[in-house]
Amino acid sequence: MSKFDEFIDEFVFMAKNAADVASKKTGVVVETGKLKYQIKQSEWDLEKAYAKLGAIFYESKRSSEDFSDAILLATSEIDDLKLKASRLEEALRAYRKVKKCTKCEQDNDTSAAFCVRCGAPLADEPIQAETEPEEAACPTDENV
């Protein structure tokens with residue numbers, strides 16, 4: 001085999017590896033984008049739920065009717081939406097391989113022992129997903 005053939009083989013091998021890395025990075029960017037959109041959608045839904053609760057509360061003060069069931073239902077919806085948003089944010093942190101400071105909520109690298117913002121010691125909890133991004137499932141409405 002000639003030097004030229006060896007050079008071509010090496011070049012093809014390196015190009016294939018670069019394409020594989022770029023493909024994986026693109027997948028991470030796409031999945032991260034999906035999670036960010038789902039988080040934003042969850043925030044919008046939460047704002048609507050708070051507005052609905054406010055309207056129910058307002059009506060309850062203006063009338064003599066009992067709105068306690070409607071208020072309970074609205075607060076339950078808000079709790080569910082907050083839980084959904086929390087799970088989506090955790091999934092995003094797992095993709096980004098960061099952990100949140102319990103004091104200031106700053107995202108930190110998983111290897112950090114102390115928060116980069118406030119200096120608080122970080123919990124030694126592992127992040128949820130130690131898998132490659134292709135293997136980690138993007139949460140859906142049914143899963144969250």
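The expected span of a helix is 1.5 Å times one less than its number of residues, a handy rule for the views below. This is a predicted model, in which local features need pLDDT of at least 70 and side-chain atom pairs count only at pLDDT 80 or more, while totals for chains, interfaces and linings use all residues. Residues are numbered from 1 along each chain as its sequence is written, and side-chain values use heavy atoms, with hydrogens and water left out.

View 1. Of the 144 residues, 25% count as buried, where buried means under 20% relative accessible area, exposed over 50%, and partly exposed in between (1.4 Å probe, protein chains only).

**View 2. Helix H2, residues 68-96.** H2 has 29 residues and reaches 42 Å from its first C-alpha to its last, close to the 42 Å expected at 1.5 Å a residue. Its buried residues, including Lys 84 and Arg 93, pack against H1, strand S1 (98-100) and strand S2 (107-109). Just after H2, look for Lys 97, which takes a positive phi of about 55 degrees.

**View 3. The largest nonpolar core.** A nonpolar core is a set of buried Ala, Val, Leu, Ile, Met, Phe, Trp, Tyr and Cys residues joined through side-chain atoms within 4.5 Å.

**View 4. Ile 78 and its partners.** Leaving aside neighbours within four places in sequence, Ile 78 is in contact (heavy atoms within 4.5 Å) with Leu 46, Ala 49, Tyr 50 and Leu 53. A second, separate core of six residues includes Leu 35, Leu 88, Leu 92 and Tyr 95.

**View 5. Ala 55 in helix H1.** Ala 55 counts as partly exposed because its relative accessibility is 43%. The C-alpha atoms of Ala 55 and Ile 71 are separated by 9.8 Å, with the two residues 16 apart along the chain.

Note on methods
Helix = DSSP H or I, 4+ residues; strand = E, 2+ residues; numbered from the N terminus.
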